[in-house]
Amino acid sequence: MTQNEKRISRRTFLVRGGLGTIGVLAVGTYLFRNHIRRGIAGVVNTLETPYQGNTKTPIIWFEVTETNDIVLHSPKVEMGQGTFTSLAQMAADELEVSMEQMSVVHANSASGNIDGFATGGSTSVSALWVPLRELAATMREMIKNEAATKMGVPVTDLKVTEGVISTGSASMTYADIVKGVTEWDIPDTPALKELKDYKFIGKPIPRVDLRAKVFGAPIFGMDASMPGMLYGAVVRPSAIGATFLGADTAEAEQMPGVVKIIKENDFVGVIANSQIEAENAKNSIKADWKADKKWQTADIEKLIEVGKGTAYVIQKEGNTNDVLEEEARVLQAEYKSPIGAHAQLEPNGALAFVEENKATIHMSTQVVRITRDEIADRLGFDSEQVNIVPTFLGGGFGRRLHTPNGIQAAVMSKAVGKPVKCFFSRKEEFQNDTFRPPTHHLLKATLGENGLIEAIEHNVSSGDVAFGSPMLPGFAEPILGADLGAWRGGMIQYGGIPNYQAVSWRVTLPFATSWWRSLGLLANTFAIESFIDELAVKAEKDPVAFRLAQIQDDDRGHRLKEVIKAAAKKAGWSNKVVNERAMGFAASTDANTPCAQVVEVSIEDNEIKVHKVTCAMDPGIAVNPDQVRAQCEGAIIMGISASMHEQMFVEEGELQPTIYGPYQMALMKHAPKEIDVVLLQNSEVPGAVGEPPLGPIGAAIANAVFKLTGQRLREMPLKLG
């Protein structure tokens, strides 16, 4: 790199290292396609997606304010998971500033600070662990070099404390140093500090966004506003698979407050002076839709049966098929999970202002780059002409990993030349969700003479999760075959079993299914870990000891063993019913983060009551332990809700329910009185946190219920017969 290449404008810094891309080599033959697919599946199952931002051109990450504070412009969005706080801790430690000096905001797309992967997959902290610290350390050294020039001393004589650089009796703040500087020389990235020298990483630092949320600051997408903005409403179908044929808008055009009605090939939109006027006019539009079939829940259940889709072997070890041919010895069980909605509190929507040669979009989205590019394509703009301004998310959970609703707001704004704010209604949000697909599982196994598993096979049938998403490259589908989201958590984690196999059956469903927090992990772990419990009962062995005896002796297996033992020890594990309460156990490994849970359950008035959950998880370095524990608690509550209450139905071709209440979710009375979280840190880097704790909870509850009642619950939501 030449000296000229190492000069950039003020407050613009180059990210070194940490760039990662996941590539797949497409071999020009399918002779060994199953072997290749299994290899790819194994890599994807253990890989954590690295940061995929642009590290080749200058990116605005930090700015120094006049009050000597630091603003971090984050390419990751904050949707309640506490990421902003962890990122601030990582940056502050290398910048040599206090936490009080740090604040974090969303980077808008016009800054160029865009993560190609988006925000998802529990990777925000782990993906930025190296590049963000390197960036902060580089910035610190850049400012030190400038200070040395201004102070006329060797840089080695300088000391940095809380954003103040000093030598002897002379000192300058970062703010003093950056004044008047129009270009910076970028030094080589210095060595990062050792973990023991960090002041903030590993500490339970209060959240940087706490005050804004406690006092109700206007930080969410629904809070966005612009002077003179109008309001939009879009006509959306209620029937599955409905095709838009046309609409009679005559009545709507005459209604109070209506500014304009636009008709596009793919939607009809109303623009009005107020939200209620836009909604009223929309409801008066007589839209003509065509749906080929009135689907029912029973139809969907038939589609999803194992054996009716396309099978892909995603994991294979030993001779499972040969062993399982001995039918007299084979144990078999089926499990099911229903359609699940995201049901996030804030519905999707956007505020768009399209001017002659630029567009500004304020919205809650997890995919800044994809949304920017889609809007630019629709408007006929270059991507650089569209500025996505991310807001805090009122719940994400994967629902905002595709936000084409920004296109509709932009098209309406362009039609009137003014800002237009357009949001889904609650009914529209439920009926036009990208749902968690229903699943059907068939498991088979045999036990050996030693009472351990000799062979086991897991078949899972599911609709798509990743395929069809703009996040996944089109070339990946024919190469992978099986949907990587649908089989997340679907592999056998007990590598000590001599023969095991996992098969993913891909099914095309008539409604949209996609990313849902933890993807297939909840349903797959429910099936596998419930079945493992059945096998332990058949073998007359303690469920915890049964699992420990069949874990492979490698690093991944060691970490899994440790969380299993930690959860059992902390919970005071017992395989007996005591005082009409029983404990259930389950474990999973997701994105390299092992997690084990023990639940304590009773039956009251023929309903399942969860009293306590003990969770042991090994996320590696816990940048903020309080945040990690909070993520565990939130995931467990969400898992209880999904596994015991939530279910969407298909009635007369429509997805139901369409409001909270009928769509049952866990209430305060359903929450356990105690959630005890034990954190292990048997990895030298941070790992996934937000989704792994969702894996074990459903199976752990079902396993506890079996001890109490003798009834094996094989279908979510879990209900007693």
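Close-up 1. A352 stands opposite I361 in β17, where strands are DSSP runs of E with at least two residues and helices are runs of H or I with at least four, both numbered from the N terminus. The model is predicted, so local features need pLDDT of at least 70 and side-chain atom pairs count only at pLDDT 80 or more, whereas totals for chains, interfaces and linings use all residues. Residues are numbered from 1 along each chain as its sequence is written, and side-chain values use heavy atoms, with hydrogens and water left out. Five bridges join β16 to strand β17 (residues 359-363), and the two run antiparallel; two strands are taken to pair if DSSP finds at least two bridges between them.

**Close-up 2. Strand β16 and its pairing with β19.** Strand β16 (residues 349-354) is largely enclosed by the rest of the structure, because five of its six residues are buried, a term that means under 20% relative accessible area, with exposed meaning over 50% and partly exposed in between (1.4 Å probe, protein chains only). Strand β19 (residues 420-423) runs antiparallel to β16 and is joined to it by four bridges, and within β19 the bridge partner of L351 is K421.

Close-up 3. Three strands form an open sheet in the order β5-β6-β7, with antiparallel pairing. β5 (159-161) and β7 (170-173) stand at the edges, each with a single partner strand, so one side of each is left without a neighbour in the sheet. From one strand to the next the twist averages 25°, with axes fitted as lines to C-alpha atoms, for helices over the stretch in contact, and angles running from 0 to 180 degrees between N-to-C directions. Strand β6 (residues 164-167) is joined to β7 by four bridges, the two running antiparallel, and S166 has S171 in β7 as its bridge partner. Helix α3 (residues 124-151) lies across β5, β6 and β7 and runs at about 45° to β6.

Close-up 4. E534 is found in helix α14 (residues 521-539) and is buried, with a relative accessible area of 16%. Leaving aside residues up to four places away in sequence, E534 touches A333, Y335, R712 and R714, contact here meaning heavy atoms within 4.5 Å.
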